Amino acid sequence: MSNMQEIDLARCTLREANSQLQSEDATGAWAIRNPRGRHALAVGLTTPIDVLIDGQAGYYAAGMNQHANITIDGNAGPGVAENMMSGRTHVRGNASMAAGATGHGGLLVIDGDAGARCGISMKGIDIVVRGSVGHMSAFMAQSGTLVVCGDAGEALGDSLYEAKIFVRGEVKSLGADCEEKAMTAEDIALLQSLLESAGMTEYPADSFRLYGSARRLYHFHVDNAAAY
Amino acid sequence: MTDNTKKIPRTKPRFSATFDPFTISEIQRAAATGIYDIRGAGTKRKLPHFDDLLFLGASVSRYPLEGYRERCDTDVVLGTRFARKPIRLKTPVTIAGMSFGALSAQAKEALGRGASAVGTSTTTGDGGMTPEERGHSSTLVYQYLPSRYGMNPDDLRRADAIEVVVGQGAKPGGGGMLLGQKISRRVAKMRDLPEGIDQRSACRHPDWTGPDDLEIKIEELREITAWEKPIYIKVGASRPYYDVSLAVKAGADVVVLDGMQGGTAATQEVFIEHVGLPILAAIRPAVQALQDLGMHRKVQLIVSGGIRSGADMAKALALGADAVAIGTAALIALGDQSPDLAEEYARLGTVPGAYDDWQDGRDPAGITTQDPELAARLDPILGGRRIANYLSVMTMEAQAIARACGKSHLHNLEPEDLVALTMEAAAMTRIPLAGTEWYPGKQGF
């Protein structure tokens, strides 16, 4: 990228770095050099800027993002893009637990694997993972879509609401109230569109399976007591 | 021979103290339904409470301040540790977190109006911030809960403070519930949920576990809000010494400590009645933790759970709190439990003073409901006036006590102004038993 504005965390504080990126006047492309696993990098951004985190990021990178296009050229710690509202976050390495937790919108792309509880409590965000996801992923996921090109760990989609989960590989086990569903043409179109947005078009949509809520836990019922 | 059988006295029917009528009715209900009882409000059991403490007042050894003439200030600043914009309240009593969803929009508006009129704050709840609430609350604390319903950075920036909720007194260690009757279209939309479902909220936060993670989470929230907002951490009273210590370590500006008398919108009866500490038992260990860390009055302590009057407020402050919060008492001030509603309560199988089915959305007072017709019964302007009146009375009552103790500020009240009436209260608060200089655990008598 030309004319990239640089922020060197070896020379400035996190507050100075984030306040430049959070400025309402921020435009164009930015690079954060020497991130060295710092937490809370590029959080609370509000403008459609491009941000490259040039290395490993700690907890909550790109948290609560609005409109920005953030790329992490390394691994991301827990809660990457947590509560993202819009925009895009791209992790070129692996992501730790709770990736995309509670996200309301936007697209989170993870080129590697994601840890436990990926997409926990998601509320509209779309998450595409090229690798595998850990246990309890999409726990209590409310809306949005989780696409897993690899495998999923135990208890996928436990206590799921209306989010959709597509998995290409093996699912170790389904969580309470999560079941496999037949894919409609609309589902296939949604999946293809997300794979395209994530740059993962080599995976054919019909090689995935769809999982969603059986909606048996939507109302308290004595026969479900063990599931609560 | 004469027949004496009619003259033999018969014993009266005797109720068991163990299997009392309430217990029997609960066993019968459980057997019939197969599910635990869910209700609103806080614990109803008798507990050691502020009534078990008294103020000594001034006499020869201390002299009082003149009522109405000599000043007794009531202001409090919250969030002085790290926040660039601490909160300044004119009186140290705030409105505790209660959600839109649990409460009607009218009730939330009334709480905002009342609190604003007397210069104090109100608090959102599990369900996000409504524009009405923000608009009518001059100082609004925005709760950050495990569910993150409605959580967004715009509202974070619009808030005056952020309260990270780890737990609440009615159910330390428990998640939330909002039953389908209250998941209206608007509530469902704010929470990104299907309309009419029985909603469960998680008991743990989705993206952090433990105090080390919490410290990082707080750094993120501060970075998103440019280090402007005070960050509170709210805990249910269970292990107050350790929880307060860890909250301070995690970077809290303010700790909110909620005793088991604190209300809830909907929780299992067994949870409400059997988990947690009464607030009286929790304050002293919390203050001790702050003192041991050299943070008393630097990290402010707000206590809640069964605060009813200016006397309760003054006692909590004398034990070392910086402010108190009210929830149930505020709902009563709005009209909950009103004798005017006796006939309607009777139709719901209850009586004024005992109504606790806040979970099922049929509140005749229009407070704990999402039914538009019931909610419309509550006039938010009149309700706001009632809240303001009640908060003013609490403040004046606390001032009257403080002046009698010779204090020119409510925060000058101190443990030495108090005595305990019971051994239990003395042990819990380390306030001497009345007429002695001793409390349980203190050497000598």
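## Interface between chains A and B

In this predicted model, 36 residues of chain A contact 23 residues of chain B. Two elements of chain A each supply at least two residues of the side that touches chain B: helix 1 (14–22) and strand 7 (123–129). Helix 1 of chain A gives the largest share of that side, four residues.

## Annotated domain in chain B

An unreviewed UniProt entry carries the annotation "domain: Glutamate synthase". The annotation covers two stretches of chain B, residues 79–335 and 364–407.

Over residues 79–335 of chain B, the chain is 36% helix and 17% strand. The end C-alpha atoms of this stretch lie 32 Å apart. Residues 364–407 of chain B are 66% helix and 0% strand. Here the end C-alpha atoms are 43 Å apart.

## Nonpolar core

In soluble globular proteins, nonpolar side chains tend to be buried together. The largest nonpolar core in this model has 197 residues. A:Ala42, A:Val147 and B:Val324 have the most contacts inside this core. Helix 9 (residues 279–292) of chain B provides the largest share of the core, nine residues.

What does B:Val324 touch, not counting residues up to four places away in sequence? Its partners are B:Pro92, B:Val93, B:Ile302, B:Val303, B:Ser304, B:Ile307, B:Met313 and B:Ala316.

Definitions and conventions
Residues numbered from 1 in each chain as written. Chains lettered and ligands numbered in written order. Predicted model: local features only at pLDDT ≥ 70, side-chain atom pairs only at ≥ 80, totals over all residues. Contact = placed C-beta atoms within 7 Å. UniProt positions renumbered as here; feature names shortened; annotations may be inferred. Core = buried A, V, L, I, M, F, W, Y, C linked by C-beta atoms within 7 Å. Buried ≥ 20, exposed ≤ 12 C-beta atoms within 10 Å, placed from the backbone.
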